[in-house]
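Please consult the sequence and structure below before reading the notes.

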Amino acid sequence: MSTAITLASGSASRRALLAAAGVDAASVRPNVDEDSARAAMRADGMSVRDQAMRLAELKAIKVSRSTEGLVIGGDQMLSIDRDALDKPADLAAAADHLRRLSGKAHTLETAIVICENGAPVWRHLARPKLTMRPLSEAFIAAYVEQVGEPLLATVGAYQLEGLGAQLFTAIEGDYFSILGLPLLPLLDYLRTRGVLPS
């Protein structure tokens, strides 16, 4: 590839998804104060989907200002009953997340923005919908104990690629977007830019 690709993220899973698809991307942490940004957006009454898109954009712009080529910024937020769930702070919070999601449908607002020379040139929002089966307290306790700390890296306190598959009765949307990266539209854009062969 002649055009450099940079992922504005420290996410090992997003980088692994790109690498598996044949996209060689450097990874740069954007050092954006996401907590402050989210708090300001929520104080303004911004929708969960717009919060995800704005955070993805902030990350991509920040890295793109000092990095040549195309910079990919991504963010994923969980929306349930118009509220946002953030990554759980500890395993007790992870169990609380699962109680909140139990027996209900939620949406993963999965945003991606590509910047070039400090400005957005492409964006995409995927909105997979997942329906969780009713979970017993015993199941939640056993699940949290078995999976442990990795649950803290996901907004929903589940890992669909592992035991998290046992939590759901229905899923609408593509697997890559659920994992945090709308890979298929991203690859399509990179082909239109001539970065990937068509």
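In this predicted model, helix 4 and helix 5 are oblique to each other (angles under 35 degrees count as roughly parallel, over 145 as roughly antiparallel, 65 to 115 as roughly perpendicular and the rest as oblique). Local features need pLDDT of at least 70, side-chain atom pairs count only at pLDDT 80 or more, and totals for chains, interfaces and linings use all residues. Residues are numbered from 1 along each chain as its sequence is written, and side-chain values use heavy atoms, without hydrogens and water.

**Helix pairing**
- The axes of helix 4 (residues 91-101) and helix 5 (residues 137-147) come within 10 Å and cross at roughly 140°.
- Contact (heavy atoms within 4.5 Å) involves L91, A95, L98 and R99 of helix 4 together with E137, I140, Y143 and V144 of helix 5.
- These contact residues comprise six nonpolar, no polar and two charged.

**Annotated site**
- The "active site" annotation of the unreviewed UniProt entry covers D75, a residue of strand 3 (residues 70-80).
- D75 has a relative accessible area of 5% and is therefore buried (buried means under 20%, exposed over 50%, partly exposed in between, with a 1.4 Å probe and protein chains only).
- Beyond its neighbours within four places in sequence, D75 contacts residues including R14, E34, K59 and E109.

- Most residues other than glycine have a negative phi.
- D81, not a glycine, has a positive phi of about 50°, and D81 is exposed at 52% relative accessible area.
- R82 lies in the loop between strand 3 and strand 4; phi of R82 is near 70°, and R82 is exposed at 81% relative accessibility.

Definitions and conventions. Axes fitted to C-alpha atoms, helices over the stretch in contact; angles between N-to-C directions. Helix = DSSP H or I, 4+ residues; strand = E, 2+ residues; numbered from the N terminus. Nonpolar A, V, L, I, M, F, W, Y, C, P; charged D, E, K, R; others polar. UniProt positions renumbered as here; feature names shortened; annotations may be inferred.
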